[in-house]
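Hi,

Here is the structure I promised to pass on.

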Amino acid sequence: DPTLVKTFPIHVDVEPAGEFTSGMSVAEFRKKRARGAPNCDGAMEVDVERAQAFLRPLIWGAGAK
């Protein structure tokens, strides 16, 4: 349900060789240092109550409340 989250376009890379970040996703939020065109949608705001109500039956079955 796309109304559960507010998204924005962002560029994300996977860091293959970092000493502490190997395999982690890295998102660049600074406009001046953008690494490329947006390649995914980032979510920063979630309607928590509606998201839980939506996901609960999918995770725990139709009778979950």
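Below is what turned up around a few residues. Bear in mind that this is a predicted model.

Let's start with His11, which sits in the loop between strand E1 (5-10) and strand E2 (12-14). His11 has a relative accessibility of 13%, and it counts as buried because that falls under the 20% cut-off. Its side chain has two polar partners worth a look. One is the side chain of Asp13, in a polar contact at 3.1 Å. The other is the backbone oxygen of Ala37, 2.7 Å from a polar atom of the His11 side chain. Ala37 also turns up among the residues in contact with His11 once neighbours within four places in sequence are set aside; the others are Val26, Ala27, Glu28, Arg35, Gly36, Pro38 and Asn39.

Next, Asp41, which you'll find in strand E4 (residues 40-46). Asp41 is exposed, at 56% relative accessible area. Not counting residues up to four places away in sequence, Asp41 touches Thr7, Phe8 and Pro9. Thr7 is 34 residues away from Asp41 along the chain, yet their C-alpha atoms are 5.8 Å apart.

Last stop is helix H1 (residues 48-60), where Leu55 is located. Leu55 comes out as partly exposed, with 39% relative accessibility.

Cheers

Key: Residues numbered from 1 in each chain as written. Predicted model: local features only at pLDDT ≥ 70, side-chain atom pairs only at ≥ 80, totals over all residues. Heavy atoms only, no water. Helix = DSSP H or I, 4+ residues; strand = E, 2+ residues; numbered from the N terminus. Buried < 20%, exposed > 50% of the residue type's maximum accessible area, 1.4 Å probe, protein only. Contact = heavy atoms within 4.5 Å. Polar contact = N/O pair within 3.5 Å; in protein donor to acceptor, adjacent residues only side chain to side chain.
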